[in-house]
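Morning, everyone. I will go through the packing in one model, starting with the core and moving on to some helices. Please have a look at the structure first.

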Amino acid sequence: SNDPLVIFMPSGKRGRFPVGTPVLTAARQLGVDLDSVCGGRGICSKCQVEPSFGEFPKHGVTVSPDALSPRNEVEDRYDRIRGLKQGRRLGCQARIQGDIVIDVPPESQVHRQVIRKAADSRTIVMDPATRPYYVEVAQPDMHEPSGDFQRLAAALKEQWDISGVTADTALLHRLQPALRKGEWKATVILHRDHHGTPRILDIHPGFWEGRLYGLAIDLGSTTIAAHLCDLRNGKVLASSGLMNPQIRFGEDLMSRVSYAMMNPGGDAEMTRAVRTAINGLAESIATEAGVDPRNIVETVFVCNPVMHHLLLGIDPVELGQAPFALATSESLTIPARDLDLHAVHPQAQVYILPCIAGHVGADCAAVALAEEPYKSDDIVLIVDVGTNAEILLGNRERVLACSSPTGPAFEGAQISSGQRAAPGAIERVEIDPVTKEPRFKVIGCDLWSDDPGFAAATAQTGITGICGSGIIEVVAEMRMAGIVDAGGLIGSAEQTGTARCIPQGRTHAYVLHDATAEGGPLIMVTQGDIRAIQLAKSALYAGARLLMDELGIDRVDRIVLAGAFGAHISPKHAMVLGMIPDCPLDRVSSAGNAAGTGARIALCDISARARIEEEVRRILKVETAIEPRFQEHFVAANAIPHATDPFPELTK
Ligand code: FES
């Protein structure tokens, strides 16, 4: 035809459209991702595009400056008020006059990709479940006796092609004043989950300029970590964490299950404690980011099965005994108020990732979503280190998962000088093999402890304890410096040749930092600390080995170490300790908080929710608790690094 050719970049999508077609309409018809909140009325300015002029030999077109209609009064008005970036046009106002190449800048893409980590090419796609939609609603009429809600629903159908919307009675309370105040124009906050049921969460009169936010919460047995994200661009505005208050009912999961079994109402008590803590965390994180908690419209949780049940107010007793049946293993989309989450929008929705099995929870699903073992060509072992370690092994053909009870030692609990990752915590350690003198780094300071200026730089925070990644390093360094033997015993001052090894009862302890002269702490690694780390690392290693047996392999191609605690785990130290099987060191990477990243992905992108639900069905679960070989692997892994398994990569 003779209609002008329209080419959208960067997608390259193209088509011919009659003269006078708005750019937004052309984009919609071609399936080009071009944002719009006001439905093309020139109000929201989300549809900005950049026309390109000149010759495009690759596309065989020459674009003249009059290929688009001249600016109209809507654009002029918008430009006067807020300024349209040089060369930009509103896609809903600019009309096609001739062949044209149009750039859609990243800010104008709904599903734009957000870079996750600098070192990682993977991205988060923005496709949040909850978005604002601007609508113009028909006014009531004596002759057409329909309700305001029905006319609103009709407007959403007509203007946004969204049918079957539902809402709570709470919305009906706000509906009539909002529609009248906005003179029958309104912005609807609409939640559409990936199963497709649209639900109106809120309504604002006229065009609403506000922003929507979401919380991604990694609910661990020992710590709770939350990220507050902007639902337009996926940006993390604030992150915060606290200790799980359920610790007072039992340090690990099984002791919490027994608490629920032994004490009538014990499960409800733990449910209350964790919900109160989450409300407090949501409030403080909103304050920190300067965000109105009413605009937090979504929350995603990842957690292990016991936390999952206690969060939902379900007695976890079945999870304490074989066959470890979950109340439900599927994902959940529920109102936040069902979880007594009052610190967010009253109609906010919660999404909980699916559980993989009775011992392998939504946290493991989140790790899988973040690291995507099911897309890997080589065989990858992924361990998420926490009070329970989540372990995944496999490649695009087959993925196995298990969970292993490491206990809270890796998170700094049960360790004499342990603490959670916070400024002042020791996170890196080196011990000179000759002098046995340590140097270390603390969170919040870039200097090593023997650098000039270290004392001044840490004067504010002090040196308060050792965090999870610091514990792994210090024990591994003690082993390499000969302060600890393969059985895990700390030597005396005579045996080790350092006065830092001091007697403690019938055992010894290694003094890492002594600030007692200035009224500060004495930070030591005790024999009890080493024993706790040995138990934790044996459990982790045994779980990994069990999956390797199951897959019939004795070497993995690469390893990803993840953990909510600390910044990053050092691959070398993890291997020296025998936490992970032998593997070339340059094939071991550290991923930080993968479960938290998985929660963020599910928060920002509903298609990721569908994807992980699908993948979880295919993951093969291995139950460590009933597998006799787990116990054998566990005992053999007690030595540092291991009683029998070789670590050739360490001696290279
Ligand atoms: Fe809202 Fe163009 S679509 S201004």
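The largest nonpolar core has 88 residues, and the members touching the most others are Leu-219, Phe-301, Leu-353 and Leu-392. Its largest share comes from helix H6, residues 266-289, which supplies nine residues. Domain 3 (228-359) and domain 4 (367-652) each give this core at least three residues. Keep in mind that this is a predicted model.

Take Leu-353. What is Leu-353 in contact with, leaving aside neighbours within four places in sequence? The contacts are Val-300, Phe-301, Val-302, Ser-331, Ala-362, Ala-365, Ala-366, Leu-369, Ala-602 and Ile-612.

There is also a second, separate core, of 65 residues, with Phe-440, Cys-445, Cys-501 and Phe-630 among them. As background, nonpolar side chains in soluble globular proteins tend to be buried together.

Now helix H1, residues 23-30. Val-23, Leu-24, Ala-26 and Ala-27 are its buried residues. Viewed down the axis of H1, they fall within an arc of 160°, so they line one face of the helix. What do they pack against? The partners are three strands: S1 (5-9), S3 (48-52) and S7 (100-103). After H1 comes Gly-31, with a positive phi near 75°.

Last, a helix pair. H3 (residues 148-160) and H4 (residues 169-181) have axes that come within 10 Å and cross at roughly 75°. Angles of 65 to 115 degrees count as roughly perpendicular, and H3 and H4 are therefore roughly perpendicular to each other. From H3, Asp-148, Phe-149 and Leu-152 meet Leu-171, Leu-172, Leu-175, Gln-176, Leu-179 and Arg-180 of H4.

Note on methods: Residues are numbered from 1 along each chain as its sequence is written. This is a predicted model: local features need pLDDT of at least 70, side-chain atom pairs count only at pLDDT 80 or more; totals for chains, interfaces and linings use all residues. Side-chain values use heavy atoms; hydrogens and water are left out. A nonpolar core is a set of buried Ala, Val, Leu, Ile, Met, Phe, Trp, Tyr and Cys residues joined through side-chain atoms within 4.5 Å. Buried means under 20% relative accessible area, exposed over 50%, partly exposed in between (1.4 Å probe, protein chains only). Helices (H or I, at least four residues) and strands (E, at least two) are DSSP runs, numbered from the N terminus. Domain bounds come from an automatic or database domain assignment. Contact means heavy atoms within 4.5 Å. The arc is that of the directions from the helix axis to the C-beta atoms. Axes are lines fitted to C-alpha atoms, for helices over the stretch in contact, and angles run from 0 to 180 degrees between N-to-C directions. Angles under 35 degrees count as roughly parallel, over 145 as roughly antiparallel, 65 to 115 as roughly perpendicular and the rest as oblique.
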